[in-house]
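Q: I would like to learn how to read the sheets and helices of a protein model. Could we go through one together, feature by feature?

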Amino acid sequence: MDIAGRWSPNFDTRADNRAPDMVVIHYTGMDTAEAALERLQDPDAKVSAHYLIDEAGRAYALVPEFERAWHAGVSSWDGETDVNSLSIGIELANTGHEFGYPDFPAPQIATLVDLMAEIFGRWPMQPGRVVGHSDVAPGRKADPGEKFPWKTLADAGFALWVNPAPLTAGPTLGPGDSGDGVRDLQSALALAGYGIEVDGTYGETTMETVTAFQRRQRPESVDGIADLSTLKTLAAFLAVLKSPSTE
């Protein structure tokens, strides 16, 4: 595939020269792809990504894959906090939740699938290690958001997806709740990779983490409340994630 170089000075060396084994997907949250490219190249901004894909499906390389781009910020996944050293960051041009949040165009996603195929061919990647920015930083970020087509990426073999359980009436867990049910929920989210303390109390962090999981896997209703649909979907997701074929 054709990738234009728009190289950024904002990178350093991966810790311990680790090979990347994650992909973190973002949206730019800016008016235009060009504005995002300029920011990602600005040394004063101190942010970057390895790639940006615009709405028409044009791909741009900003940081070599073997270098550490500055895209994840304060984040964690599966017990590790230097997500930038572990991952390749891909920005998708999209104005984001604050500015209308349009759908991701088909040409953009088609290019993303092609790029993922190349990345998976170069590095020791597993579908369960492809996540969104909101997954690694639930309290800070909402991207790529509930409109991102995770199923399309999963159908191509480059992410995990389970069909979300239907929305149904029933008991829920939410802010102020505590006890074994909350502890089990937190344990399940931690097994999925989220950086959450298992303390049995449904506080702000738990609500933010549930919200991030819903954006990823149960986008029909994103409210941070662990209803039956969320709990069943999380259980199904874990069953796929922990199956021998995906570990």
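A: Let us begin with two terms: contact means that heavy atoms lie within 4.5 Å of one another, and the angle between two axes runs from 0 to 180 degrees, taken between N-to-C directions. Please keep in mind throughout that this is a predicted model. With those terms in hand, we can say that helix α1, residues 33-41, lies across β4, β5 (59-61) and β7, and that α1 runs at about 170° to β4.

Q: Which residues of α1 are buried, and what covers them?

A: A residue counts as buried when its relative accessible area is under 20%. In α1 the residues Ala-33, Ala-36, Leu-37 and Leu-40 are buried. Because these residues cover an arc of only 100° around the axis, they are on the same side of α1. What covers the buried residues of α1 includes the strands β4, β5 and β7.

Q: How should I read the sheet, and in what order do its strands come?

A: In general, the strands of a sheet pair through backbone hydrogen bonds, in either a parallel or an antiparallel sense. Here the sheet is open and has six strands in the order β1-β5-β4-β7-β3-β8, and the pairing is mixed. The edge strands are β1 (3-5) and β8 (130-132), each of which pairs on one side only. From one strand to the next, the twist averages 25°.

Q: Which strands pair with β7 in the parallel sense?

A: Strand β4, residues 51-53, pairs with β7, residues 87-92, in the parallel sense over three bridges, and in this pair Ile-53 stands opposite Leu-92 of β7. Strand β3, residues 22-27, also pairs with β7 in the parallel sense, over six bridges, and there Val-24 has Gly-89 of β7 as its bridge partner.

Q: Is β7 enclosed or open to the outside?

A: Six of the six residues of β7 are buried, so the strand is largely enclosed by the rest of the structure. Ser-87, Gly-89 and Glu-91 point one way from β7, while Ile-88, Ile-90 and Leu-92 point the other way, and all of them are buried.

Q: How do the axes of helix α6 and helix α7 cross?

A: Two packed helices are described by the angle between their axes and by the distance between the axes. The axes of α6 (residues 180-192) and α7 (residues 204-217) come within 11 Å and cross at roughly 50°, which makes α6 oblique to α7. The crossing in which α6 passes α7 is left-handed. Leu-185, Gln-186 and Leu-189 in α6 meet Thr-206, Thr-209, Val-210 and Phe-213 in α7.

How values were computed:
Residues numbered from 1 in each chain as written. Predicted model: local features only at pLDDT ≥ 70, side-chain atom pairs only at ≥ 80, totals over all residues. Heavy atoms only, no water. Pairing = 2+ DSSP bridges. Helix = DSSP H or I, 4+ residues; strand = E, 2+ residues; numbered from the N terminus. Buried < 20%, exposed > 50% of the residue type's maximum accessible area, 1.4 Å probe, protein only. Arc of directions from axis to C-beta. Parallel < 35°, antiparallel > 145°, perpendicular 65-115°, else oblique. Left-handed = near helix turned anticlockwise from the far one by under 90°.
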